[in-house]
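Hi everyone, thanks for making the time this morning. I'd like to walk you through one structure, so please have a look at it with me.

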Amino acid sequence: MAEWKVGAMPHHWKELLAVDRYMVQSRTALHDADRKVLTMLYQPLIGHRALALYMTLWGELELLGGREATHHRLMALMQCGLPDIYSERLKLEGIGLLNTYVHAPEAEEPKQFVYELRPPLAPDQFFRDEMLGVFLYRQVGRHMFAQLNDCFACPAVDETKFTRVTRAFSDVFSSVHAEQIVAGFNEEAGRELEPPDGKVHMGRDEASYALDDGVFDFELFFAGLSKQMVPRRAVTAKVKEAIKKLAFLYGIPPLEMQKIVLGVIDPAYEIDIDALRRAAREWYELEHGGAAPRLVERVQPLAYRTMEHIKPRTKEEALMKQLETISPRQLLKEISGGAEPSLADLQLIEDIMFQQQLLPGVVNVLIYYVMLRTNMKLSKKYVEKIASHWARKKVRTVKEAMELAKEEAKTYQNWANEKEKGTRTVRKVVRTEIVPDWLNMDYSQPDDDDFDVEQARKELEERLKKYRDGS
């Protein structure tokens with residue numbers, strides 16, 4: 001399931017209370033065809049709960065008819081808590097299916113929210129999009145992607161065999177004489193074409209999502225480009241947005257993007273976006289052996305961060321904050337001293353994120369814990385067993401994961417020792433100082449005589465400190 005980073009946001013209880021009121025609007029007519037697109041194309045990206053929220057708001061649009069209700073109503077309709085509603089709302093906003101507006105009175109009165117539903121992209125736009133089509137492919141696989149593509153396709157007409165005979169407007173309708181316009185369409189009558197006060201006409205403003213400018217360093221990108229070879233006018237707003245999306249999707253750094261742009265700009269100093277997209281895909285295939293970009297949550301969703309606006313005061317809080325703001329892939333890379341993680345490790349982490357629906361911050365705690373307990377290795381069965389336990393416990397935050405790891409550490413160590421039975425005798429070693437600091441316990445440690453847990457922790461901390469400091 002895709003999670004979109006949309007910018008800093010406080011916890012749900014700072015943003016939303018059950019007594020806060022909401023109303024649902026849409027500037028666009030929503031159609032039955034939209035339900036099919038939402039279910040088959042968007043659901044694999046945002047998950048069933050976000051889709052359920054959209055469909056519930058759609059029902060509220062028809063049922064409430066512009067009236068207000070409290071969020072108690074949404075909680076009752078969806079049979080879930082406010083944190084879940086808030087989290088799923090962020091997904092809808094991030095992917096462009098929902099605009100949210102809020103009015104916060106000065107006094108301690110309930111806030112007023114307006115949820116504006118936006119229709120999904122048309123299928124052809126979805127499949128042409130720089131990111132959505134690729135993400136869908138990653139989620140559902142080659143076979144189902146081909147089925148979906150075919151499901152939303154229509155037979156093409158060979159226009160070379162036909163002659164267009166469509167009549168123009170002027171061929172069918174007669175014009176109106178000037179005197180008729182003056183007599184029949186005066187200023188007062190002209191106002192009848194405008195919507196009533198306080199209202200707007202419905203249109204077809206389809207869903208669009210926005211990427212934060214911070215995902216790509218345009219200053220560095222432009223600094224290394226000769227204005228003679230790539231004039232600034234060539235990088236139009238559409239080209240700039242495409243560069244941003246492609247860089248985000250394929251992980252292309254600014255200096256590599258310079259080469260890609262230089263390769264596609266034509267003699268008229270224009271950049272064809274389709275050519276740019278193909279070149280970016282070719283670059284990625286060369287760099288990564290043809291594998292599709294991974295659809296993993298890059299960092300802990302903002303709604304589930306507990307250290308977002310808190311300055312760490314202890315080592316434990318500093319670790320919590322870091323695990324909330326680093327992706328599992330980057331964490332594995334830093335633990336490896338900057339080397340790319342193995343495909344097996346990446347596949348294992350992606351599988352548990354997808355199958356167990358664990359959030360990236362929680363997965364980071366899992367990686368950190370397992371690395372320190374099993375001689376800096378990710379044992380597949382051990383990782384999956386703990387991940388399954390955390391999923392059943394509905395662990396959603398880094399803090400919850402760390403606390404559960406501490407509570408269940410002895411159980412987890414027994415699980416780790418189970419795989420050693422029959423091959424070696426488990427030796428119990430009691431240490432007065434155990435690591436990491438949030439796992440204060442004094443029973444069986446990793447039984448590899450050559451493995452120093454304390455030294456491993458120090459190395460981990462040093463590598464993560466370098467990452468945090470940007471060095």
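Let me begin with how axes are handled: an axis here is a line fitted to C-alpha atoms, for helices over the stretch in contact, and angles run from 0 to 180 degrees between N-to-C directions. Before I use that, two words on sources. What you see is a predicted model, where local features need pLDDT of at least 70 and side-chain atom pairs count only at pLDDT 80 or more, while totals for chains, interfaces and linings use all residues. Residues are numbered from 1 along each chain as its sequence is written, and side-chain values use heavy atoms, with hydrogens and water left out.

Now the helix pair. Helix α16 (residues 328-335) and helix α18 (residues 360-373) have axes that come within 9 Å and cross at roughly 25 degrees. Angles under 35 degrees count as roughly parallel, over 145 as roughly antiparallel, 65 to 115 as roughly perpendicular and the rest as oblique. α16 and α18 are therefore roughly parallel to each other. On the α16 side, the contact is made by Pro328, Leu331, Leu332 and Ile335, and on the α18 side by Pro360, Val363, Asn364, Ile367 and Met371; contact means heavy atoms within 4.5 Å. Those residues divide into 8 nonpolar, 1 polar and no charged.

Let's step back to the whole chain. Its secondary structure comes to 22 helices and 4 strands; these are DSSP runs numbered from the N terminus, helices being H or I of at least four residues and strands E of at least two. Of the 471 residues, 44% count as buried, meaning under 20% relative accessible area, with exposed over 50% and partly exposed in between (1.4 Å probe, protein chains only). Among contacts between residues at least 6 apart in sequence, 72% join residues at least 24 apart.

So, on to the strands: in what order do they sit in the sheet? The open sheet of 4 strands runs β2-β1-β4-β3, with mixed pairing. Its edge strands are β2 (69-70) and β3 (98-103), each pairing on one side only. Two strands pair if DSSP finds at least two bridges between them. Strand β1 (residues 21-25) and β2 run antiparallel, joined by 2 bridges, whereas β1 and β4 run parallel, joined by 5 bridges.

Glu60 sits in helix α3 (residues 48-64). Is Glu60 buried or exposed? Glu60 counts as buried because its relative accessibility is 2%. Leaving aside neighbours within four places in sequence, Glu60 is in contact with Tyr22, Val24, Gly65, Arg73 and Leu77.

The other one is Ala303, in the loop between α14 (273-288) and α15 (315-324). With 13% relative accessibility, Ala303 counts as buried too. Beyond neighbours within four places in sequence, Ala303 is in contact with Tyr86, Ser87 and Leu90. Ala303 and Leu90 are 213 residues apart along the chain, and their C-alpha atoms are separated by 8.3 Å.

Methods
Nonpolar A, V, L, I, M, F, W, Y, C, P; charged D, E, K, R; others polar.
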